[in-house]
Amino acid sequence: FFVSLGPPRMIWPEKPVISGNGNELGRALGILAPGDFNTNIGPSVIGEWYLNIGPPGILIGMFLMGILFRILYEGSIGATQARFSGVYIYAIIWIHVIKGMEDWMAPVYAGLVKIVIIMLMIHWALTYKKGIAVFLKNRLHTS
């Protein structure tokens, strides 16, 4: 997870590969033919909970992910009364999650952290500048 949060490969060329061997996983699960050494599969986010904990991992993982997505919903849409920036951030998060459904959990969650930080910085820059512009406009009209 923390390696995924690190800088991109163009800045850190020796960055370790964190995704598991999808070919070996597929052959071990019997999804790929024993002689297939080219095809890779990802376990999906829920699948990784199953691989790490077993059948209870599906229930535990879905419960914890539900809590996480509820917090994201409340923070981006519920608390902001569905303001445009909150809906936009929430939509971007879901697009990232859907795109990463067949990947390993660490890169998906690290990518979510990066996206949320970037989107909040953009939101802050847009609203802060607007706030400054309104402040200056009101200040100039009263002088």
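In the protein, residues 24 or more positions apart account for 38% of the contacts with a separation of 6 or more, a contact being heavy atoms within 4.5 Å. The model is predicted, with local features requiring pLDDT of at least 70 and side-chain atom pairs counted only at pLDDT 80 or more, while totals for chains, interfaces and linings use all residues. Residues are numbered from 1 along each chain as its sequence is written, and side-chain values use heavy atoms, leaving out hydrogens and water.

The average pLDDT (the predictor's confidence in each residue, from 0 to 100) is 77, and 80% of the residues score at least 70. The protein has six helices and zero strands, where helices (H or I, at least four residues) and strands (E, at least two) are DSSP runs numbered from the N terminus. Among these elements, the lowest mean pLDDT, 66, belongs to helix 1 (residues 2-5), and the highest, 86, to helix 4. Where pLDDT is low, the predicted coordinates should not be read in detail.

Of the 143 residues, 24% count as buried, meaning under 20% relative accessible area, with exposed over 50% and partly exposed in between (1.4 Å probe, protein chains only). The protein exposes about 10,100 Å², and carbon and sulfur atoms supply 70% of this area, as computed by the Shrake-Rupley method with a 1.4 Å probe, where for residues only the protein chains shown count as cover.

Buried residues of helix 4 include Gly57, Gly61, Met65 and Phe69. In helix 3 (residues 45-53), Val45, Gly47, Glu48 and Trp49 are buried, and just after this helix Gly54 takes a positive phi of about 100°.

On the surface, Leu29, Ile31, Tyr50, Leu51, Ile58 and Met62 form a nonpolar patch with about 560 Å² of accessible area together. Helix 3 and helix 4 (55-78) are the elements that give two or more residues to this patch. Leu29 lies in the loop between helix 2 (22-28) and helix 3, and counts as partly exposed because its relative accessibility is 47%.

His96, by contrast, sits in helix 5 (residues 84-99) and counts as buried because its relative accessibility is 12%. Not counting residues up to four places away in sequence, His96 touches Pro107, Val108, Gly111, Leu112 and Ile115.

Terms used: Patch = residues over 30% accessible without salt bridge, like charges linked within 9 Å, V, L, I, M, F, W, Y side chains within 5 Å. Salt bridge = Lys/Arg side-chain N within 4 Å of Asp/Glu carboxyl O.
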